[in-house]
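I opened the model to look up a few things and kept notes as I went. The entries follow in the order of looking.

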Amino acid sequence: MLQIDAIVPMLCVTLAALASMGAEAFRAKDERMPIGSLGVVGLLGAAASAVLLWDRRTESFGVIVADNFGLFVTIVLAVVGVLTILFSSQVLERDGLPSGEYYALMLFSIVGMIMMATATDLLVIFVALEILSLAVYVLTAIRRDHLPGTEAAFKYFLLGAFSSAFFLYGIAFTYGITGSTRLDAVGSYLSAQSMSGNLLILLAVALLLVGFAFKISAVPFHMWTPDAYEGAPAVVAGFMSTGVKAAAFAAFARVFLSAFEPFKADWGPVVSIVAIATMTLGTVVGVAQSNLKRMLAYSSIAHGGYLLVGLVAANQVGKAAILFYLLAYSVTNLAAFGVISMLGSRENGNDSLRDYAGLWHSRPALAALMTVCLLSLGGLPPTAGFIGKWYIFSAAVSAGYYGLAIVGVLTSVISVFFYLRVVVMMYMADRGGAPAPAPVSGVGIAVLALSTAAIIFLGVLPTPVLDLAAASISTIF
Amino acid sequence: MLTLSWAVPLAGALLLLLVGNADGRRNALVRWLALAVSLATFGVTLALWIGFDSSSAEFQFVERAPWIPAFGIDYYIGIDGISLMLVVLTGFLTPIALLSSWESIDRKVKEFSIFMLALEAAMIGVFVSLDLFLFYVFWDAMLVPMYFLIGIWGYDQRIYAAVKFMLYTMAGSVLMLIAILGLAYMHSEATGSYSFDLMKLYALEIAPETQRWLFLAFTVAFAIKVPLFPFHTWLPDAHVQAPTAGSIILAGVLLKMGTYGLVRFSFPLFPHAAAEFAPWLALLAVIGIVYGALVAMVQPDMKKLVAYSSVSHLGFVVLGISAMNVQGVQGAVYQMLAHGVSTGGLFLVVGMLSDRRHTRLISEFGGLKQAMPRLTAAFLVITLASIGMPALNGFVGEFLTMVGAFLWDPRFVVPAGLGVILSAVYMLWMFQRVYLGEVTHEENATLRDLSPREAASVIPLCAMAILMGVLPAIFLSPMAPAVQRLVNEVQVNSETQDSRLKTQNYARFRVPF
């Protein structure tokens with residue numbers, strides 16, 4: 001019997017994307033349509049179906065599995081999508097962006113992300129990767145008259161194409177060795193045969209690693225990140241830094257902790273080094289940034305490093321920690337980019353550090369919300385970011401990786417330095433003669449307040465979500 | 001009941017958040033509200049003291065509820081005599097700090113009050129936590145309001161000072177976080193479940209070499225907070241740049257969090273390593289005593305002088321703790337309270353002078369006694385208290401600490417004694433230059449004496465200094481059983497661990513690469 005349960009979340013989002021395209025195509029020229037709400041409905045449908053599928057572990061077509069791990073990520077992605085749409089609805093008109101195409105692309109990329117998180121076949125993961133990447137390339141350059149955006153999209157596209165090729169090569173080698181691209185088949189073949197030291201398999205692992213490292217912008221494959229985030233509209237940058245990262249990490253964890261688990265001794269040290277390099281470079285270079293979007297780009301690189309620590313630790317705690325961290329980080333980072341996008345205007349992004357001088361005096365609520373986001377990114381209690389970091393580092397410590405944990409906490413201190421630079425600007429610097437930023441709509445503030453409430457809630461009462469994260473990895477791996 | 005001690009100020013802060021005061025029209029309301037909340041908190045802490053059973057060494061008012069059960073993290077609070085005293089000190093100093101800023105803080109009064117109350121909540125939380133995770137949350141959460149207090153309402157170099165304060169203390173505390181996680185993990189290795197429960201972790205037997213690392217991670221975090229020489233460099237900046245209220249809280253309570261951490265965590269958790277490192281700690285402490293005093297002597301700025309004197313005085317506390325005998329620890333805790341009262345008072349009065357003249361340079365003053373006799377009298381009492389004059393609070397603490405140190409290792413007492421003498425030199429010399437002699441600057445001749453509001457803030461401190469000097473037993477008796485128990489446990493544990501060193505299978509680090 002045809003079993004399609006597992007792809008229902010994706011179907012919901014796909015339908016919403018198609019509906020958005022249709023609405024855009026058939027709307028009269030000056031008619032205003034709430035296209036974004038279609039997307040919200042689709043994403044809520046995806047989240048609802050994910051909740052209904054919970055604990056049922058259904059499979060479709062043998063390549064998509066709706067296990068709790070994938071469903072947790074699906075819910076995270078739905079949250080990312082809803083928040084992005086709500087933030088976007090505040091700025092699309094201001095920036096004169098084509099809302100139909102914008103929402104359709106965003107929803108299609110979410111489809112790719114959900115597919116990536118739930119796929120159990122390397123080839124399907126590759127297809128998912130391409131679906132999400134192509135949509136995001138276009139989103140980066142959605143402002144066609146904006147030169148930096150176009151340049152960023154082109155860079156992103158070229159490097160992304162390379163990395164996809166690496167990834168595909170890795171799949172080919174894997175197939176050549178094991179005769180399958182299904183993760184379970186690859187895993188059982190590799191653990192049955194004594195393949196240790198086999199150069200071909202190491203090559204395959206290395207190539208796949210490069211592919212993933214690019215998508216999660218791990219050092220040394222991070223070069224595109226600051227340019228892409230700076231060039232893209234702020235909401236899109238927020239979306240890229242959370243959705244793409246969440247999906248890529250889900251697939252990364254699934255591939256490396258199931259199929260290639262037998263080779264942990266080989267890839268573990270490499271990933272450790274990458275993690276250390278990523279955390280260090282992300283924070284150290286972040287200190288030198290004067291553009292807020294670039295700064296958050298480096299910060300998101302560093303956060304990828306923390307997630308890698310969880311991946312290396314890879315015990316039960318570590319896997320659950322990745323999931324919790326993804327949620328905490330996504331909400332926080334999206335809200336931070338949301339603030340940036342709301343402060344911008346059509347002509348000017350207002351995203352350099354100086355533009356935040358004295359924000360406290362002109363927009364106290366916005367400054368306070370931004371401060372909570374930044375403190376959460378820096379990992380200070382009582383915020384989601386603190387619990388996330390604590391969870392990741394306790395995973396590292398309980399797996400014995402004291403070195404990684406120490407690098408992790410020390411880089412967090414450095415990162416606090418640059419988050420504080422923004423706070424200093426907002427609270428302790430004078431606005432000078434610059435005009436106050438444009439007023440922010442009530443909806444925008446409400447969404448931000450909601451995200452901030454979520455950040456504090458996750459920081460004070462993390463138990464329900466922690467338990468959920470722990471439960472969602474207990475069934476697999 | 002104990003929860004109220006930190007929940008009341010926090011609720012007050014949240015309440016203030018709801019008061020609309022964008023244009024500053026409700027400043028008076030905000031000030032009175034904040035003062036009322038802080039007085040209510042003080043009332044709660046006093047009620048705790050009244051309800052406290054002074055004959056027991058056990059933790060009292062214990063409250064416990066599961067928080068993050070998957071990791072054995074509980075909301076677990078309780079106080080013994082040592083923490084009781086520090087909680088009361090916090091409750092006592094916060095209203096005074098708020099009073100001190102009544103007029104000098106005139107912009108963003110609402111936010112200022114919110115941060116002050118949030119800070120109080122976090123500080124009390126640090127002193128009452130018996131769960132290491134909870135402790136760390138309060139410990140780190142405390143940084144944020146203090147950062148804003150220094151950074152927004154401070155003096156010229158405030159941003160530099162605020163960032164330096166934040167980064168310095170955070171760098172220390174994140175390493176402690178790793179050590180805490182390591183402890184919880186070793187607990188799970190030993191018993192099968194994670195736990196951050198301090199009582200269970202006290203009982204954990206840890207291999208000596210592992211203890212060394214963990215002790216260092218905890219102690220560096222606390223040493224930065226104390227601040228122990230050579231980790232003190234953030235302190236003069238933070239103190240000098242902070243607004244008066246911030247300085248009072250910083251000197252009065254925040255620094256005590258470091259020494260409290262040594263007493264509550266470093267020594268009893270890692271008795272073996274503590275015994276090993278105690279002489280080194282004591283050495284740093286006496287270096288700090290002498291160094292702080294010498295540097296204080298040459299400061300042209302009164303606030304900086306008081307800041308360096310804190311380095312010196314806190315050295316006594318660390319010396320007493322390192323001695324780890326009853327006299328030493330009692331003296332150390334007493335000195336914490338005494339220093340809180342007297343240094344809080346010094347900053348308060350210096351703040352009053354700075355409000356009047358907008359300078360803190362000693363050379364700008366002179367002969368103030370003529371225009372402001374009452375302020376001079378208050379300052380004299382606090383100065384004498386600070387230099388350890390008998391019958392005032394500083395004497396009891398320093399005396400007991402030195403007795404403790406003498407019983408342990410007399411060599412440390414000599415430089416410590418030198419520190420006492422030096423403190424008389426720099427404090428009295430400052431007093432002389434500022435208050436006595438001829439009026440050298442015309443504007444000083446007409447300065448206004450204590451206002452009723454200022455009197456209300458400084459008189460309790462003077463009274464407390466005298467009370468603590470005359471009747472130390474009131475303050476010593478509640479903490480005596482707790483100190484006794486602490487000293488016993490640390491000594492017994494470190495000795496039994498010594499004797500079983502070869503036979504026991506201890507909890508250890510496991511490092512895969």
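**Entry 1: charge pairs between the chains**

I took a salt bridge as a side-chain nitrogen of Lys or Arg within 4 Å of a carboxyl oxygen of Asp or Glu. Before going on, I noted that this is a predicted model, in which local features need pLDDT of at least 70 and side-chain atom pairs count only at pLDDT 80 or more, while totals for chains, interfaces and linings use all residues. I also noted that residues are numbered from 1 along each chain as its sequence is written, that chains are lettered from A and ligands numbered from 1 in the order in which they are written, and that side-chain values use heavy atoms, with hydrogens and water left out.

**Entry 2: the rest of the interface**

Next I looked for polar contacts between chain B and chain A and found two residue pairs, both at pLDDT 80 or more. A polar contact is a pair of N or O atoms within 3.5 Å; within protein, one must be able to donate a hydrogen and the other to accept it, and residues adjacent in sequence count only if both atoms are side-chain atoms.

Which elements of chain B give two or more residues to the side that touches chain A? I listed β1 (60-68), α5 (132-141), α6 (143-153) and α7 (158-191). Helices (H or I, at least four residues) and strands (E, at least two) are DSSP runs, numbered from the N terminus. The largest share, 14 residues, comes from α7(B). By class, I found 33 nonpolar, two polar and five charged residues on this side of chain B. Here Ala, Val, Leu, Ile, Met, Phe, Trp, Tyr, Cys and Pro count as nonpolar, Asp, Glu, Lys and Arg as charged, and the others, Gly among them, as polar.

Then I took the totals. I found 40 residues of chain B in contact with 38 residues of chain A, contact meaning heavy atoms within 4.5 Å. The area buried between the two chains is about 3500 Å², and carbon and sulfur atoms give 82% of it. Buried area is the accessible area (1.4 Å probe) that two parts lose on being put together, summed over both. B:Phe71, B:Ile178 and B:Leu181 supply 15% of the area that chain B buries against chain A, more than any other three residues.

**Entry 3: salt bridges within the chains**

I picked A:Asp5 and A:Arg56, whose side chains meet at 3.0 Å, N to O. A:Asp5 lies in the segment before α1 of chain A and A:Arg56 in the loop between α2 (35-53) and β1 (58-60), so the pair ties together parts that are 51 residues apart in sequence. A:Asp5 is partly exposed at 24% relative accessibility, and A:Arg56 is partly exposed at 47%. Buried means under 20% relative accessible area, exposed over 50%, partly exposed in between (1.4 Å probe, protein chains only).

I then checked A:Glu230 and A:Arg294, a salt bridge at 2.6 Å, N to O. A:Glu230 sits in helix α9 (residues 224-231) and A:Arg294 in helix α12 (residues 292-313) of chain A, 64 residues apart.

In chain B I looked at B:Arg411 and B:Asp409, with the closest N and O atoms 2.7 Å apart.

**Entry 4: a buried serine**

I went to A:Ser20, in helix α1 (residues 8-26) of chain A. A:Ser20 is buried, at 0% relative accessibility. Its side chain reaches the backbone oxygen of A:Ala16 at 2.7 Å. Leaving out residues up to four places away in sequence, A:Ser20 touches residues including A:Ile35, A:Tyr103 and A:Leu107.

**Entry 5: a hairpin and a helix in chain B**

β1(B) and β2(B) pair in the antiparallel sense over six bridges; strands pair if DSSP finds at least two bridges between them. B:Ala65 stands opposite B:Tyr75. The hairpin has four residues between the strands, and B:Gly72 takes a positive phi near 65°. Seven of the seven residues of β2(B) are buried, so the strand is largely enclosed by the rest of the structure.

Last, I checked α5(B), where 10 of the 10 residues are buried. At its start, a side-chain oxygen of B:Asp131 reaches to within 3.0 Å of the backbone nitrogen of B:Phe133.
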